[in-house]
Amino acid sequence: MVEKTESIRTSARSARGMDALDRRILGALSQDATQSYAAISEQVGLSAPAVHERVKRLRASGAIKATVAQIDGAQVGKPILAFIHVDTIGWGKTREIMALEQFPEVEEIHSTTGDTCLIMKVRVASPQALEGLLSKVYDIEGVRGTSTYLTLSTVLERTAQADVTADLESVSYLR
C-alpha cells in the first residue's frame, strides 16, 4: 500500500519538482552513494522500492548527475590544490580555454562575474606542474593574466547539497 500511495504522490509531484523526501534521499546519497536503498529507506521513512523509484526519477530529471568516487588528491600524487583566476581579452569562454578540460589536473572551470573571467580549480603534483599548467594557460590567445591561489588546507569540501536554508532569502539579515 505504501508503494501505491507513494507512486501517486510521485506522479502528482513531478510537475511541481522536488519535495522534502527527495531532498532527504539526496542528502543520504551525498553522504554515501554506496549505501543500499534499504539503508536509505530507514533514514527517510519510505520503503526500499519507493526510494529506488525516487532515485530513478531524480536521475532521469538530472538532479543526480553522476555517481562518482571522491578521490583524495594527495593519495593519488596531487597534493597541491589551487584556484586560478584567468583574465582574458573579450569573452573568456573560448574553445581554446575550454580545451583545458583535457588536463586531468583541471577539476572545474567556472565562468564568473567580477574582476576575473574564469576561475579554475586544479590539483597538481608539484609547484613545477602548476607552473607547467600555467604556461599552457598563458599559451592561449586572449589570456591577459592570471592570479593563482594555493590552498594551505581544506576545511570543507563537498558536492552540491540538496537541503536549502529557507531564511537566506529573507531581508531580516540586513542591518
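Let me begin with a word I will need: a residue is called buried when its relative accessible area is under 20%, exposed when that area is over 50%, and partly exposed in between, using a 1.4 Å probe and protein chains only. What we have here is a predicted model, in which local features need pLDDT of at least 70 and side-chain atom pairs count only at pLDDT 80 or more, while totals for chains, interfaces and linings use all residues. Residues are numbered from 1 along each chain as its sequence is written, and side-chain values use heavy atoms, with hydrogens and water left out.

Helices (H or I, at least four residues) and strands (E, at least two) are DSSP runs, numbered from the N terminus. In helix α3, which covers residues 37-44, the residues I40, S41 and V44 are buried. They lie on the same side of α3 because they cover an arc of only 105 degrees around the axis, taken from the directions from the helix axis to the C-beta atoms. The buried residues of α3 pack against α2 (20-31) and α4 (48-61), where contact means heavy atoms within 4.5 Å. After α3 comes G45, with a positive phi near 80 degrees.

Now to the sheet, where two strands pair if DSSP finds at least two bridges between them. Four strands form an open sheet in the order β2-β3-β1-β4, with antiparallel pairing. Since β2 (106-111) and β4 (143-150) stand at the edges, each with a single partner strand, one side of each is left without a neighbour in the sheet. Strand β1 (residues 80-88) is joined to the antiparallel strand β3 (residues 118-124) by seven bridges, and F83 stands opposite K121 in β3.
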